[in-house]
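Here's a quick tour for anyone meeting this structure for the first time. Have a look at it, then read on for the main points.

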Amino acid sequence: MNKINSKRFFNRLNIINNLNKDLSKNGVNRITLTKKDKQARDIIVSWMKKLGLIVKIDNIGNIFGFNYFEKDAQPIILGSHIDTVRNGGKYDGLLGVLGALEVIEILNNKNKIPKNIGIAIFTNEEGVRFSPDMMGSWSFTKVEKINKIHKIKDDQNITVKQALKEINYLGKEKQLFFKPKYFLELHVEQGPLLDIYKKDIGIVKGVQAINWLYISLLGQSNHAGTTPNSKKVDPNKVFSKILNFINKKTYSNSKQLATVGKVEYFPNQTNVIPNKINFTIDIRNKDDLKLKNFRKELIKQINFYSKCYSIDFKIKELVNFKSVKFNQKINNIIKKNVLKNKFSHMNIYSGAGHDAQMLSKICSTSMIFIPSLRGISHDKKEDTKKQQILNGLRLLLNVTEDLLKIN
Ligand SMILES: [Zn+2]
């Protein structure tokens, strides 16, 4: 029976994460298309080549590795991303990439090397530096023209194309230069459910819809001490109403999620009424219609209160992804192998966005979740027990073996 090489897997994981110094204090900072991202990419590519994989880079910097490549071969692809948020965790993304490498290394050790299998590492899953998130997998599926994606800028006005060139990962391969038959992503849950219910494995039924709005409220700067209240054109008045609305709608039992995560004040001075507040709202729901209704109501509120307080506003949509249902056939195979390995499990809906949801538009796709201790993710405290990781790797291997039999 094929076995996971635990020492090799964790060794690789540590090599990549230790590119960041002082992990316990700062967490992992592998922001997309930065020097740290490049270092990690280069090392993983060298491991892929050592394994004899044919490495191909596409025009958004996605990295693919194949045992054998033919345009119409329709391989099974395993993978995830390696970029992180600021001060992120050790497993988000990297687990799925190094897990894929481990599985292929084990399969290739057999007498007969499986032809139709490969690895994918997708660019900018996190969306910290460039919006939208899941950019690499989104671009790969060709729903948007590459020239348009290349022009997207970060806060420093650097375009995606420039950033790709800077780290030497602007590849030659075009969007959708091959089509996978199956895509499977192993990932930490990034939420508390598996930990609360003490389950080894989450069989992922789908991903909830995500909408990101970028809102500017425009007022008039003036002296905080001399401007009478009746003359204040203060965007805070509208901003506080919006926060109130969100708080009201996201009570404990509500399935509606909404978060204001980024706020900028202008000119950002203690004694000056702001002339502008920029902020983001991240809205999620597994029900597309409920998300749409929440959004509609939110915009109505912004409209209403802006009028009340003579504030101008602008709304820009950064991300709008519909909810996704994963492939039942793959999930049946996952369940069969969960039972065979005597793992405990539950069905789960992903609260976070993942590359797999993009891939589900072009091929049969699913995900395997393992627990995030205390549900913490996108933080240096993100953690998963070693045995839980090994369970996930074992399952990824078994499911891949079954998929190879039917592909
Ligand atoms: Zn991730």
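Helices and strands here are DSSP runs, at least four residues long for a helix and at least two for a strand, and they are numbered from the N terminus. Keep in mind that this is a predicted model. The chain is assigned two stretches of interest: domain 1 (6–208 + 323–406) and domain 2 (210–320).

**Domains**
- The C-alpha centres of domain 1 and domain 2 sit 34 Å apart.
- Where they touch, domain 1 puts in 8 residues and domain 2 puts in 8 residues.
- On the domain 1 side of that contact, you'll find 2 nonpolar, 5 polar and 1 charged residue.

**Nonpolar cores**
- The largest nonpolar core holds 72 residues, and I119 and L396 have the most contacts inside it.
- Helix 4 gives this core its largest share, 8 residues.
- Leaving aside residues up to four places away in sequence, L396 touches L78, G99, V103, L184, L186 and I368.
- Apart from that core lies another, made of 20 residues, with F239, L291, Y305 and F321 among them.

**Helix 1**
- Helix 1 (residues 6–17) has 12 residues, and its first and last C-alpha atoms are 16 Å apart, close to the expected 16 Å.
- Its buried residues are F9, R12 and I16.
- Those three cover an arc of only 70 degrees around the axis, so they are on the same side of helix 1.
- K7, N11 and N14 are exposed on the other side of helix 1.
- The cover over the buried residues of helix 1 includes helix 3 (35–50), helix 4 (94–108) and helix 13 (386–406).

**Helix 10**
- Helix 10 (residues 288–308) has 21 residues, which at 1.5 Å a residue should span 30 Å; the end C-alpha atoms are 31 Å apart, so the two agree.
- L291, F294, L298, I302, Y305 and S306 are the buried residues of helix 10.
- Because they cover an arc of only 105 degrees around the axis, they end up on the same side of helix 10.
- Turned away from that buried side are the exposed residues L289, K296, E297, K300, F304, K307 and C308.
- Packing against the buried residues of helix 10 are strand 7 (209–218), helix 9 (236–249), strand 12 (276–285) and strand 13 (312–321).
- Just after helix 10 comes S310, with a positive phi of about 55 degrees.

**V238**
- V238 belongs to helix 9.
- It counts as buried because it has 27 C-beta neighbours inside 10 Å, and the cut-off for buried is 20 or more.
- V238 and L217 are 21 residues apart along the chain, yet their C-alpha atoms are separated by 7.7 Å.
- Not counting residues up to four places away in sequence, V238 touches L217, I302, Y305, S306, Y309 and I311.

- The peptide bond from S131 to P132 is cis, with omega near 0 degrees, and P132 lies in the loop between strand 4 (117–122) and helix 5 (135–140).
- Another cis peptide bond runs from F266 to P267, with omega near -5 degrees; P267 is in the loop between strand 10 (263–266) and strand 11 (272–273).
- N157 sits in the loop between helix 6 (146–150) and helix 7 (160–166), and its phi is positive, near 70 degrees, although it is not a glycine.
- N157 is exposed, with 7 other C-beta atoms within 10 Å.
- R374, in the loop between strand 16 (364–370) and helix 13, also has a positive phi, near 55 degrees.

Note on methods: Residues numbered from 1 in each chain as written. Predicted model: local features only at pLDDT ≥ 70, side-chain atom pairs only at ≥ 80, totals over all residues. Expected span 1.5 Å × (residues − 1). Buried ≥ 20, exposed ≤ 12 C-beta atoms within 10 Å, placed from the backbone. Arc of directions from axis to C-beta. Contact = placed C-beta atoms within 7 Å. Core = buried A, V, L, I, M, F, W, Y, C linked by C-beta atoms within 7 Å. Domains from an automatic or database assignment. Nonpolar A, V, L, I, M, F, W, Y, C, P; charged D, E, K, R; others polar.
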